[in-house]
Amino acid sequence: MEYFVQQLINGLTLGSIYGLIAIGYTMVFGIIGMVNFAHGDVFMISAFIALILLILLTQFLGVTSIGLALLIVLVAGMFLTALWSWVIERIAYRPLAGSFRLAPLISAIGMAIFLLNFVQVTQGPRNKASPSILNNVMTIPMGNGSVTISERQALIFIVTAILLLAFWAIVQKTKLGRAQRACEQDRRMAALLGINVDRTISLTFVIGGALASVAGLMFMSYYGVVSFSDGFTPGVKAFTAAVLGGIGSLPGAVIGGLLIGLIETMWSAYFSIDYKDVAAFSILAIVLIFMPSGLLGRPDVEKV
Amino acid sequence: MRWVRDPLLVVEGLTMRFGGLTAVRDLSFSVGRGDITALIGPNGAGKTTVFNCITGFYKPTSGLMALSTGGPVRLDEVAALASTGHRYKCVDDQIGADGVFLLERMPDFEIARRARVARTFQNIRLFSGMTVLENLIVAQHTPLMRASGWTIKGLFGAPQYRQAEAAAMKRARYWLEHIELTHRADDAAGSLPYGDQRRLEIARAMCTDPVLLCLDEPAAGLNPRESLELNTLLRTIRDHHATSILLIEHDMSVVMEISDHVVVLEYGLRISDGTPESVRNDPKVIAAYLGVDDDEVAQVEAEVGL
Amino acid sequence: MDTTDGGTPVSDGALPSPRFPIEDALRSAGLWALVTLGLCFPIVAFETLQDFSNRLTIEARPLLVLFAVAAVFAGRLGWLAVRYHGLPQLLPATRFELTPERKKQLPRIGLAALLIFPFFALLLTGQGGAVKWIDNFGVQILIYVMLAWGLNIVVGLAGLLDLGYVAFYAVGAYAYALIATYVIPATVPGLGPWAFWICLPIAGILAAFWGILLGFPVLRLRGDYLAIVTLAFGEIIRLVLINWVEVTNGNAGIRTPYITFFGLPFSSRTGETTFGDVFALPGSPAVHRSMFLYYTILALALLVAVATQRLRRLPIGRAWEAMREDEIACRSLGINTVNTKLTAFAIGAMFGGLAGAFFGARQGFVNPRSFEFMESATILAIVVLGGMGSLVGVAIAAVAVIGGIELLRELSFLKQIFGPEFDPGQYRMLIFGLAMVLMMIWRPRGLVGARQPTIALDGNAKAISASHVKEGHG
């Protein structure tokens, strides 16, 4: 029992990270109908940015309070990653708007390859162990044993929850959110009605990048190690989460993320850790094949 | 009254629901062999849904659609076939052979190649990156595929396949001449003007050698001259080919001029069925089209000069 | 990139502004430089290193950032100036256009060049250098030509976007590795030298079978979803190859027998009769082997090309292209799109499997590393860059992409400039990724976007402009 609860906690932690990345996928797919292949690598870059900023702050700028350091890293990381995401959209996707439909996908794959190798070249191919932070654990007795929650996990839950609420408010209540939903429905009509479509798309990428950067910070502090190749697999899993939740749906992306995190953790805990990625990829295939509209998405009817 | 004497297609109790919306409700009508049958009705009456059911793109919620090539649809025969659980019964089980077909049980491509029902689409669906000629050749896929020995013989250039391709070319040429597009045969179908695309789509459907040709608003977007050409084309098809036509049309001049039989739908229900004259004078139809109550019809009729 | 774009482009006939708007250009370039600075901080500005106590620390690289920012500033300024004034007339202004007659000859010229290439390499570089040119360049490029032509059937003709094509390549390679290394020696060891030729058809059939197996579930999917599911399948197969250690030996891989000349080995440690013993040809066994590999893969690739050309003129090929244009119209004409899609998957996969078997026999070693997603992406990139459906375009793209990547390995002279630490090899994929993006912006339809009709009324059809050709729903 306590083993199960422990896995549940671990799974939800991992799931929060996936959920944050998944939002980027789901929003971009919703608005321009493409799988932003480079998003996983934006996430990876953000993990590196967080790592470097953290070392810079704690070792060189003499910030002793770990809380303050993390806050600065969080905010600066969001800004810097959003910049990356914005630039990627401007360079690799915007010039292709309205062109041959495969072109943005190929361009995105090219961008992903570029980002991966860019980090490999600038930071080296080796795994980077991050300074270990927030190691205190809370032990909750349960049954015959106990369940532990580390400060890191607690932090991940809290930050994810706050950000999601804030983000949800943006999309539901603000003009930007309305513009975004309008562009999702019909981009040309939205433009005719005076919505600045380009700006809306840019902002979507900016928000997606900012959320991915939070995920990157979480990932870095949770696993304590980052590598240039860490973008692909979490990226695909987060995309799986977005699809599972119903692509285009924000709550769906979060629920999908949590589910994927749970499934992955439970699979590793009860079956075989070797095949955990096979499980994730299989879920992706099964969901897309049997319920392509996901849990909360709109069904797509073939028009004749 | 061929649709009573010699029906090619009998639709009985067709109902199609999408979620809570009933697009077609308990619809019954027949299509006579050799007739041009028009399916008319206001927007949203469910005409295209009926088409999609007949051609297998939608599976109807309930109802029966029986098509018989070779002889009139006999309801006892249909009932016997329906009870066996088979989808169709045809001579030697050959593709393209005469028989009785339960369309509601067959997938779309089987309806096209076995029951030989061809169709066009409201928003033209040509293979726009292929040439006009290629469009007409692709339509003859079924016989060509057989002649190519399911590709294997064709891969080695079997003479049987070359003959079949020559025959396909001959048929394509015939239709090119009929739609007056021979001079553009090697141009991309997507580069044709709209009216030519409409005619090409009809010719493409005819290349499948259908017994029933379903046309979804063939005159939509045509200018008067093109509309006239279309009438001629449809009459040629009816008079010189063993193909019956079922069409959806809003242009009443087309409908009244060329059809032998008119079925009127409103809100998924059949409100009138008969010859063009009888339908034209049916108060229900006038009410449906003009959106007035039945008792006002006489007044409206007087106004429009009927 | 920014909205206050400096320098109005001179469009022909428009009113040219009297002078180059230098302030606007400077502002734009400054903004670009600022953005670059933001991007460089901290990922370029600091390098993460492990110090002597194994703790991670960072080291500043201000010069590198300065260099990057200056380069972007100058580059942007230069670009704006060039766009404003037009390119200096260094290059002849006439565009390189081939006449239709020349275009017709292009495949033949290309084929002749391919046939004489190994001898040409031998003549120019001698025995020592030729192996590298024939094997690293010739054979490597031809493997990708074959793979891209195979994928072209699925993506280019049938319009089904497949991001997991490498799975079939893996199936072929492992079919060869397992059968040639374990099955044949255990059952009929006498057939050992013939292993490749026995495995080749088996690998093709197995891959086709897998093509159908993986094709079935994805029949209803369209667009990016199809791409993602095929990607997932590709990854699943790779992960199974890694984890199913009892059969595949996991990441350690399988050592496979080398290719033989129809039973005659090219070199032998155990004193068997070798190719060199029987045919007294000049040159070392390594040259013989690479020549043989070259002509084998050339023959296999040409098999794909001939098959594609023939299939396009058959009902199945026309149905593929029709399906790419409009699947619903296909069904309305009695075409069984399920079978049509599955045949495309199967035939595409079969060619991938054949290439895989060849790869296994050429390397003498297979492991899951060779079948990563990058490979699928590269093959797809070649197909799209070449122009979907065009054999010549795809072949040119394969030469450019794979040749380019291999050439970047050769830039060792740069070490003399940047010091011995500098490894040009690691910039290969960086440049490749960037080139993919730029190519898509420059020519989203690929090099050859026009489509050649499969049949014509007057026997001499002109190509169809890319603007009419659809890319399919998948």
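Which residues of α10(C) are buried? I began my notebook with this question, and since the model is predicted, I treat each entry below as a reading of that model.

**Entry 1: helix α10 of chain C**

I looked up the helix and found that its buried residues are P315(C), I316(C), G317(C), R318(C), A319(C), W320(C), E321(C), A322(C), M323(C), R324(C) and E325(C). That makes 11 of the 11 residues of α10(C), so the helix is largely enclosed by the rest of the structure.

**Entry 2: R318 of chain C**

I then picked out R318(C), which is found in helix α10, residues 315–325 of chain C. Its relative accessible area is 2%, and because the cut-off for buried is under 20%, R318(C) counts as buried. I followed its side chain to the backbone oxygen of R313(C), which it reaches at 3.3 Å. Leaving aside neighbours within four places in sequence, I noted that R318(C) is in contact with residues of chain B, namely M130(B), I137(B), V138(B), Y161(B) and E165(B), and with L311(C), R312(C), R313(C), T454(C) and I455(C) of chain C.

How many salt bridges does the structure hold over all chains? I found 31, and I looked at several of them one by one.

I noted a network of salt bridges that links E134(B) with R312(C), E321(C), R324(C), E325(C) and R451(C). Of these, E321(C), R324(C) and E325(C) are also listed among the buried residues of α10(C).

I next looked at R125(B) and D326(C), whose side chains meet in a salt bridge at 3.0 Å, N to O. R125(B) lies in the loop between β7 (117–119) and α5 (132–138) of chain B, while D326(C) lies in the loop between α10 and α11 (327–332) of chain C, so the pair joins two chains. Both partners came out as buried when I checked them, with R125(B) at a relative accessible area of 14% and D326(C) at 8% relative accessibility.

Is R33(B) buried or partly exposed? At 21% relative accessibility, R33(B) counts as partly exposed.

I also recorded the salt bridge of D187(B) with R184(B), in which the closest N and O atoms are 3.0 Å apart, and D187(B) counts as buried at 17% relative accessibility.

**Entry 3: the sheet of chain B**

In what order do the 5 strands of the open sheet in chain B lie? I read the order as β2-β1-β4-β6-β5, with antiparallel pairing. The edge strands are β2 (21–32) and β5 (88–90), each of which pairs on one side only. Neighbouring strands are turned by 15° against each other on average, direction ignored.

In β6(B), F101(B) is the bridge partner of Y88(B). I also found helix α3 (residues 75–84) of chain B lying across β1 (7–18), β4 (62–68), β5 and β6, and running at about 60° to β6(B).

**Entry 4: S107 of chain A**

I turned to S107(A), which lies in helix α4 (residues 102–123) of chain A and is buried, with a relative accessible area of 0%. A polar atom of its side chain lies 2.8 Å from the backbone oxygen of A92(A). Not counting residues up to four places away in sequence, S107(A) touches A92(A), Y93(A) and L96(A), together with V437(C) and M440(C) of chain C.

I looked up how chain C is divided, and the assignment gives domain 1 (22–85) and domain 2 (102–409). The C-alpha centres of these two domains of chain C lie 41 Å apart.

My last stop was E410(C), which I placed in the loop between α14 (391–409) and α15 (414–418) of chain C. E410(C) counts as partly exposed at 30% relative accessibility, and it touches K132(C) and F137(C), not counting residues up to four places away in sequence. I also looked up R222(C), which is 188 residues from E410(C) along the chain, and found their C-alpha atoms separated by 41 Å.

How values were computed
Residues are numbered from 1 along each chain as its sequence is written. Chains are lettered from A and ligands numbered from 1 in the order in which they are written. This is a predicted model: local features need pLDDT of at least 70, side-chain atom pairs count only at pLDDT 80 or more; totals for chains, interfaces and linings use all residues. Side-chain values use heavy atoms; hydrogens and water are left out. Two strands pair if DSSP finds at least two bridges between them. Helices (H or I, at least four residues) and strands (E, at least two) are DSSP runs, numbered from the N terminus. Axes are lines fitted to C-alpha atoms, for helices over the stretch in contact, and angles run from 0 to 180 degrees between N-to-C directions. Contact means heavy atoms within 4.5 Å. Buried means under 20% relative accessible area, exposed over 50%, partly exposed in between (1.4 Å probe, protein chains only). A polar contact is a pair of N or O atoms within 3.5 Å; within protein, one must be able to donate a hydrogen and the other to accept it, and residues adjacent in sequence count only if both atoms are side-chain atoms. A salt bridge is a side-chain nitrogen of Lys or Arg within 4 Å of a carboxyl oxygen of Asp or Glu. Domain bounds come from an automatic or database domain assignment.
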